[in-house]
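User: Hi! I am new to reading protein models, and I would like to learn where the labels come from. Could we go through a few together?

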Amino acid sequence: VGTIAMNNNGQANNNDSRFIINLKNNPEFNNNYVVIGSIVSNFNVLQEIAENPKSNATIVKCGLIYNI
């Protein structure tokens, strides 16, 4: 719960990558997407975005994740 993955449409060099933020377990993603990060704080902000999907959000001050 609280993981970040990335996918694209499978075509190379098309700038079509998307981030997927999982707020719950999604077993159907297993063997299809690679988790590239996890939510370590402010999970409530993601829940608020999920409840208001037409709101704008900006990711700032992101960096490397250690000790996953």
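User: Which strand does Asn 22 lie in?

Analyst: Asn 22 belongs to strand S2, residues 18-22. Strands are DSSP runs of E with at least two residues, numbered from the N terminus. A word on the source: this is a predicted model, where local features need pLDDT of at least 70 and side-chain atom pairs count only at pLDDT 80 or more, while totals for chains, interfaces and linings use all residues. Residues are numbered from 1 along each chain as its sequence is written, and side-chain values use heavy atoms, leaving out hydrogens and water.

User: Why is Asn 22 called buried?

Analyst: Buried means under 20% relative accessible area, exposed over 50%, and partly exposed in between (1.4 Å probe, protein chains only). Asn 22 has 7%, so the label is buried.

User: What does the side chain of Asn 22 make a polar contact with?

Analyst: Its partner is the side chain of Asn 26, at 2.6 Å. A polar contact is a pair of N or O atoms within 3.5 Å; within protein, one must be able to donate a hydrogen and the other to accept it, and residues adjacent in sequence count only if both atoms are side-chain atoms.

User: What makes the pair of Phe 29 and Tyr 33 edge-to-face?

Analyst: The whole structure holds one aromatic pair. The ring centres of Phe 29 and Tyr 33 are 4.8 Å apart and the planes are at 65°, so this pair is edge-to-face. Rings of Phe, Tyr and Trp (its six-membered ring) pair if their centres lie within 6.5 Å; planes under 30 degrees apart count as stacked, over 60 as edge-to-face and the rest as tilted.

User: Why is Tyr 33 called partly exposed?

Analyst: Tyr 33 has a relative accessible area of 31%, so Tyr 33 is partly exposed.

Methods. Helix = DSSP H or I, 4+ residues; strand = E, 2+ residues; numbered from the N terminus.
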